[in-house]
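I put the sequence and structure up before writing anything down.

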Amino acid sequence: MPTILILVALGFLISIGSSLWTEVLWFKSVGYENVFTTQLVTKIVLFVIGFVITAALVASSLLIAYRTRPIYAPVTAQQQNLDQYREAIEPLRKIAIFAVPAVLGLLAGTGAAGQWQTFLLWRNGSSFGTKDPQFNLDLSFFVFTLPWIRFLLGFFTMALVMALLAAAFTHYVYGGLQIQTRAERTTRATRTHLAILVAVLVLVRAATYWFDRYSLSVKDSTLLTGIRYTDANAVLPAKAILAVAAVMVAGIFVASIWTRSWRLPVVGVALLVITSLVVGNIYPALVQRFQVKPSEKSLEQPYIERSIKATRAAFGIESVKTTPYTATTEASQGQLRDDAETIPGIRLVDPIVVSPTFKQLQSVKSYYAFPDALDVDRYNVDGKVSDTVVAVRELDLAGVPLNQRNWLNDHTVYTHGYGVVAAYGNQRTADGEPVFYERNIPPTGKLGDYEPRVYFGEKSPSYSIVGGASGASPREFDYPDNSTAGQKNNTYAGKGGVALSSFARQAAYALKYRELNLLLSDAVTDNSRILDHREPLERVERVAPWLTPDGNPYPAVVDGRIQWIIDGYTTSADYPYSKLTEVDTATSDSVTARSSAVQAIGAGKVNYIRNSVKATVDAYDGSIKLYSWDDKDPVLKAWSKAFGNTVLPMSQISSDLMAHLRYPEDLFKVQRKILTKYHVTDAASFYGGQDFWEVPEDPAQEARNVDQPPYYLTLKMPEQAAAKFSLTTTFKPVGDRQVLSGFLAVDADAGRTAGQPSNDYGTLRLLELPKDSQVKGPGQVQNDIGSSNQTSAAFSLTLSQFLNNARQPGSSVTLGNLLTLPVGGGLLYVQPIYVSASSTTAFPLSRATVVAFGNKLAWSDTLDGALDGLFGGNSGATAGDSGTGGATTPTPTPSPSGTGGGSTPTPSPSSTGVANPAALAQALSDLQAAYAAGQEALRKNDFAAYGEAQKKLDDAIKRAVAASPKGGSATVSPSPSATTTTPAPSATTP
């Protein structure tokens with residue numbers, strides 16, 4: 001048994017040691033070992049202090065109580081009953097004296113270690129430069145100091161209570177404490193011991209009463225957060241009275257040592273409890289009911305003004321530019337002439353809808369995948385900045401055939417994704433597909449040369465073993481090609497990950513991942529590196545545990561590398577008088593409800609937030625960089641000081657990176673949530689609440705009670721000189737009225753100057769419509785779209801007929817984002833309509849675009865046609881999809897499995913060695929016929945027939961692939977051009 005116990009203990013220690021060592025190696029590999037050591041040392045110090053204080057108090061209570069026990073226990077019936085307990089305890093007494101304090105100390109130490117962030121903020125906090133209006137203290141006291149004081153008071157209260165209970169129990173068991181009315185039965189030593197413990201406990205309670213006064217500044221209520229009239233005039237004096245009363249009671253307990261009576265201390269405690277009830281609860285309730293309630297509006301006015309001012313400052317909305325906007329509802333010819341900059345930038349490609357389209361047209365193979373929600377960015381294409389829908393082609397092990405899934409393939413062969421896919425946001429082909437300007441494997445397009453390999457991404461395997469000896473045969477699958485092998489292999493040459501340069505390191509990781517192959521496989525050598533913790537969000541959270549990251553990392557090609565960009569927030573729930581807000585609720589919308597790639601922030605309640613950091617993660621080597629974005633933020637200053645200035649200055653941001661930084665979505669969502677109430681700056685109006693707003697539900701979604709997400713758009717607000725890349729949202733009045741009450745846009749473009757964001761970046765502009773406005777909101781417009789009898793020159797049926805036909809069996813309709821734009825002196829709504837067949841390989845295609853202005857609605861196969869139809873035949877501006885039914889650039893289809901996209905696979909002259917020529921010829925003939933039938937059905941708007949044609953097309957493709965030789969190829973011809981597809985690669989180990 002001793003041998004077994006020793007082996008178990010050694011195994012436990014080795015496991016803990018390996019985990020600790022691999023953590024050190026990881027942090028060292030990314031250059032943030034200071035973060036790990038600071039965090040670890042702080043936790044250890046707090047744990048030790050918490051353990052020692054609690055264990056010492058409890059142990060001293062047990063020892064003192066035992067050593068001062070009466071030599072002879074009193075001969076009473078009560079003591080005779082306790083004899084059996086003393087006999088039972090005695091054999092375990094020596095163990096208990098050490099075990100009980102140790103267990104309680106462990107619990108207390110663990111709790112103290114969990115407060116490491118509170119401690120570091122207190123230790124490194126600096127001045128805000130602003131004083132609160134009630135106590136005239138700098139805000140840093142409330143944000144940095146007060147939380148630490150509250151923890152200390154709670155900790156000492158807990159430790160003293162445990163020590164008091166331990167002392168009372170021991171004194172009672174051994175006869176020192178007699179639970180009788182005759183106080184002389186209690187020994188002097190017992191009375192002294194307990195009196196001192198209770199006196200100290202009551203003094204801590206007195207301090208708690210005193211500091212509770214300051215905690216009222218963040219007390220939440222329905223009306224506001226912070227001190228209200230009753231708090232200022234009843235609760236604050238009551239807390240001060242209770243603090244003084246508690247000090248007096250502590251003095252009475254100390255005096256009882258000499259008076260040898262519990263009578264006065266008991267009376268003092270009773271009076272303290274009564275005072276607490278009367279002064280601390282009943283009196284404030286009476287003031288609230290009989291003084292405040294009848295005149296609440298006037299009495300609460302100065303406190304509401306405090307809350308409005310503090311809330312707008314804490315959430316960064318104090319400088320919002322509000323403009324009254326009387327929107328016209330009349331549409332006339334040429335009305336958009338003054339908005340010629342905005343109209344071409346209207347985004348027609350919905351990044352939430354087109355992920356399946358990207359997958360079918362650009363994934364190339366089933367083991368490549370795109371996120372279910374794509375991203376919107378800006379790129380300079382042919383000398384012009386264009387809004388772009390962009391995604392990274394990541395590796396998805398779930399797409400690897402099951403017969404090829406094993407440890408070797410999963411962790412040493414399939415190691416990385418490949419390339420970026422980018423499409424114009426404002427264009428589509430005649431068939432409704434996105435217009436890709438960066439596509440295919442290897443990448444071709446207009447983004448120039450860059451490192452396309454994605455070793456660190458949102459779908460990367462948990463860990464991969466990469467690298468190898470110089471000159472060794474490449475082991476990692478790189479991408480499929482037309483070579484004899486059918487694939488190109490690669491050896492990782494980056495500096496990312498941890499080098500497995502010794503047996504000890506390999507053994508440590510084998511223990512960490514419980515994987516013996518790390519020691520046995522010949523794929524793991526001294527030249528190998530292990531890549532783990534590969535998700536960009538996780539990597540940033542590990543090196544900056546004090547940051548709250550944005551829920552939507554997005555990729556960008558920066559200086560020849562794919563970089564993941566993550567916005568980081570510093571938050572607090574202790575900013576005085578600012579309204580506490582549930583961040584996870586504020587950042588939830590229809591996108592987070594149906595997407596795994598975009599998540600709501602899980603930060604609980606906060607009342608202060610700043611986008612203080614812009615973080616990047618290199619997709620090739622995993623390097624992490626944190627850039628300061630708000631160097632005036634006192635919270636960021638505190639964390640930077642605590643962690644040795646791991647945050648780089650803004651001056652180190654390159655011009656290329658600056659061009660891709662944007663205003664973060666989650667911050668904007670929180671700000672719009674706050675603005676639903678705090679756009680009202682008059683205290684009397686705020687109290688009435690008649691002008692409060694809410695974010696509209698997303699009318700394009702069947703799910704109810706999900707907010708409409710904000711949208712990135714390039715537009716020009718009425719007072720702006722030029723169109724800017726912006727993040728926008730709408731507001732409606734609280735209640736059932738689906739009219740528009742406000743439109744908010746923030747300048748989201750950081751510019752292109754190295755180390756310096758543009759002057760307008762982050763400027764919030766609010767268009768406030770009149771209170772009696774009848775401008776339709778998104779809900780009403782969506783209702784009009786679903787029931788419209790408006791015809792279109794491009795179609796021979798009404799809009800409602802088009803939608804109903806497309807929803808019949810064999811096809812389905814997906815409503816794109818309903819965009820709102822302040823143009824033409826009013827508000828224009830734009831919504832793309834996507835149609836897809838009901839088959840496993842189907843994907844949505846943009847078949848129509850609907851626009852609405854005032855009470856008018858129009859639709860067509862292009863935005864240009866719809867706008868002209870809406871504005872009397874000539875809108876006065878040209879949309880981005882102007883031309884022959886959309887963009888003129890043909891979209892290559894790299895895989896014959898992507899059906900329904902207007903592309904017909906035909907045999908390539910390079911195909912040789914056909915195993916079954918007759919079957920292949922028949923399949924290709926059927927394929928051509930099914931494609932032609934599908935196109936004819938589309939021209940007739942017969943979506944049921946189109947769905948049947950897609951099924952036949954899918955069957956023909958499968959038969960053609962089955963009859964094709966291994967290593968063959970097929971050419972997909974959209975009409976005027978063709979693109980060669982690649983054969984399926986071998987996924988086995990070379």
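This is a predicted model: local features need pLDDT of at least 70, side-chain atom pairs count only at pLDDT 80 or more; totals for chains, interfaces and linings use all residues.

**Entry 1: helix α4.** I started with a helix on its own. Helix α4 covers residues 93–113, which is 21 residues. I looked up its reach from the first C-alpha to the last and got 30 Å. That is close to the 30 Å expected at 1.5 Å a residue. Next I asked which residues of α4 are buried. I noted Arg93, Ile97, Pro101, Gly105, Ala108, Gly109, Ala112 and Ala113.

**Entry 2: α6 with α7.** I moved on to a pair. Helix α6 spans residues 139–173, and helix α7 spans residues 188–215. They pack at an angle of about 160°, and their axes are 9 Å apart. Angles over 145 degrees count as roughly antiparallel, so α6 is roughly antiparallel to α7. I also checked the crossing: α6 passes α7 in a left-handed one. What kinds of residues make up the contact of α6 with α7? I wrote down 21 nonpolar, six polar and one charged.

**Entry 3: α5 with α19.** My last pair was helix α5, residues 116–124, and helix α19, residues 634–642. Their axes are 9 Å apart, and the packing angle is about 100°. Angles of 65 to 115 degrees count as roughly perpendicular, so that is how α5 and α19 lie to each other. From α5, the contact uses Gln117, Leu120, Leu121 and Asn124. From α19, Val635, Ala638, Trp639, Lys641 and Ala642 take part. I sorted the residues of this contact into six nonpolar, two polar and one charged.

Technical notes
Residues are numbered from 1 along each chain as its sequence is written. Side-chain values use heavy atoms; hydrogens and water are left out. Axes are lines fitted to C-alpha atoms, for helices over the stretch in contact, and angles run from 0 to 180 degrees between N-to-C directions. Helices (H or I, at least four residues) and strands (E, at least two) are DSSP runs, numbered from the N terminus. Angles under 35 degrees count as roughly parallel, over 145 as roughly antiparallel, 65 to 115 as roughly perpendicular and the rest as oblique. A crossing is left-handed if the near helix is turned anticlockwise from the far one by less than a right angle, and right-handed if clockwise. Ala, Val, Leu, Ile, Met, Phe, Trp, Tyr, Cys and Pro count as nonpolar, Asp, Glu, Lys and Arg as charged, and the others, Gly among them, as polar. The expected span of a helix is 1.5 Å times one less than its number of residues. Buried means under 20% relative accessible area, exposed over 50%, partly exposed in between (1.4 Å probe, protein chains only). Contact means heavy atoms within 4.5 Å.
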